[in-house]
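Subject: Structure handover

Hello,

Please find the structure below. My notes on it follow.

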Amino acid sequence: MVGEILIKDVYKTFQSTTPSKEDVVALNGVNLNIRPGSFVSLIGPSGCGKSTLLRIIGGLEKSTKGSVFLDGKEIKKPGSDRGFAFQGSNLFSWLTVEKNIAFGLKARNIYKEKKDDVKEYIKLVGLEGFEDSYPHQLSGGMQQRASLARALVGHPTVLLLDEPLGALDAFTRMNLQDEILNIWKEHNMTMVMVTHDVDEAIYMSDQVVVMAARPSEVKEVIDIDLPRPRARGQDTFQEYRKRILDVLDLGGNVPEVEYYL
Amino acid sequence: MKKYGSFLFRFFLPFLAILLSVLVYYQIPDNGKQKATDHPYYLYFIYLIGAVVLVEILLGFFFNKVRERVYEKAPLITGALVFMAFLNFVTTKTLWLPILYFPSLDRIVGLLVEQRVFLVENILSSFRLLIVGFLYGAIVGFLTGLALGYYKIVGYWLNPVTKIVGPIPTTAWIPLALSIFPSTYGANVFLIAFAVWFPVTLMTSSGIQSISNVNFEVARTLGASTRYQILHIAIPAAMPSIFLGVFYGTVSSFATLMAVEMNGNSSGIGWYICWQKSVMMYDGVYAGLILIALICSLTLTILFRVRDRVLVWQKGVIKW
């Protein structure tokens, strides 16, 4: 099985553009193994470098020190083996849904052979009949579906998700969580998701990587040993939620307090 | 036609206005000072309008769209006809305005008819200058804007230059351009190109710079090369802004066209106006103004048609 990610001692410092400002340390020695075919969430307070780590895996940033390997190959730049779904949908507003989804295939000059894939993925995310619509004509949830299809159509072995559902309402969000899980199961791919929603992380993941800020590093990797399909809000969620919040020092002193978070 | 019911009279309004015009024309005695024309050209002109309206109404029986348009525009056409009847009244029937500067509509329309070959030659001369200058300006402006907007290093070195050179009014370059270029035509093309170049450069580069970086990142994760990103992200995303630049440039090219044609040219509609004025033929001046209005308006209409075609994904910024 493919899609194994090894993160070895990764440091990332953002050098300031002016001499008067200090450099920002975004990652301070991160080690992590992501099993092939697993669903892993990165969670932590803002500024903990979770998005930076995802962007390094995606090849959008270069690590200052250390390396990331995908199936034994060092990652240096973006590649078709990794799909990336960004925060918000970020569809190209000047292209129709179909052309958005076909963008990567056209850019890599393989559109002719893979034409049917575009149709298949439009169907997969339930956007039939909207092929010729422009993004502004779609609801937020539909835009996010199109964006997922665009990231998936090139058959990547890894899908990286950067808070993909953050801007959606609660119901659309739950629907899309299930759809992402379906795609994950059917396509046997590795998914790494950045989120700040503890419940979402527990509901979807095999492993939750809890990160901390200053110094930015992995605090704990928590295995979610719950059978799938999972029921939302089942009792065992509480234990995991408490564990995650405790690691983040957000557990509070009185157990009840966590309800209000 | 049932739907229009009692509003049916709207369709007859233009014909009432034509009737009124004819009555004013023949029934009120002339002031006798306007130079007479061989034919009642002004009446021919409003008959022509009447004929067009009549044809549209007849077509309206078969095409809903045409009917809607006539229905909507009928009061406007009527207003224009009444206004012309008023102008005709003031210039030919009264002595309220100096006759020299306010020729009769007969003379203006007559001049357009009688000098049509000569006028078309001048229009073509103006159009050729405008289009050649515009194309140079727009293409060079687009390329400089692209380089300035996409490559930070180019922007760093060249932005100050465009910021200082660009805002100089085109007309200020006329003396220098006329002495440097071997031909007046070359100088004219340069001046019009310059008028278009600056707004196109500015709006292209600012359009590209304001594209959210995430668009380029998405493209990179999808395997797009730098070339592909420029062609398929930078340019289409900046297109609304580029069109705005082209629009500003076109408007400023009209002003420049007139300025260069009125300065040491011997053809073109701007030159024609100047020449007619110098021989005290104000009917020619008005005829020239009417033609310029038509040329500029037509050019902008074409421009906005192209924009609507290219930018279907966007809702209109400027209504035309």
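Which residue of S2(A) stands opposite A:Ile7? The residue opposite A:Ile7 is A:Leu32 in S2(A).

Before the rest, some conventions. Residues are numbered from 1 along each chain as its sequence is written, while chains are lettered from A and ligands numbered from 1 in the order in which they are written. The model is predicted, and local features need pLDDT of at least 70, side-chain atom pairs count only at pLDDT 80 or more, and totals for chains, interfaces and linings use all residues. Helices (H or I, at least four residues) and strands (E, at least two) are DSSP runs, numbered from the N terminus.

The sheet: S1(A) and S2(A) pair (DSSP finds at least two bridges between paired strands) in the antiparallel sense over 8 bridges. They belong to an open sheet of 4 strands in chain A, ordered S2-S1-S4-S5, with antiparallel pairing. Strand S2 (24–34) and S5 of chain A stand at the edges with a single partner strand each, so one side of each has no neighbour in the sheet.

The backbone: most residues other than glycine have a negative phi, and most peptide bonds are trans. A:Asp9, in strand S1 (residues 5–14) of chain A, has a positive phi near 50 degrees. A:Asp9 is exposed (12 or fewer other C-beta atoms within 10 Å, with C-beta atoms placed from the backbone), with a count of 12. A:Asp71, in the loop between strand S4 (65–70) and strand S5 (73–74) of chain A, also has a phi near 50 degrees.

The peptide bond from A:Arg228 to A:Pro229 is cis, with omega near -5 degrees. A:Pro229 sits in the loop between strand S10 (217–223) and helix H7 (235–247) of chain A.

Regards

Definitions and conventions
Buried ≥ 20, exposed ≤ 12 C-beta atoms within 10 Å, placed from the backbone.
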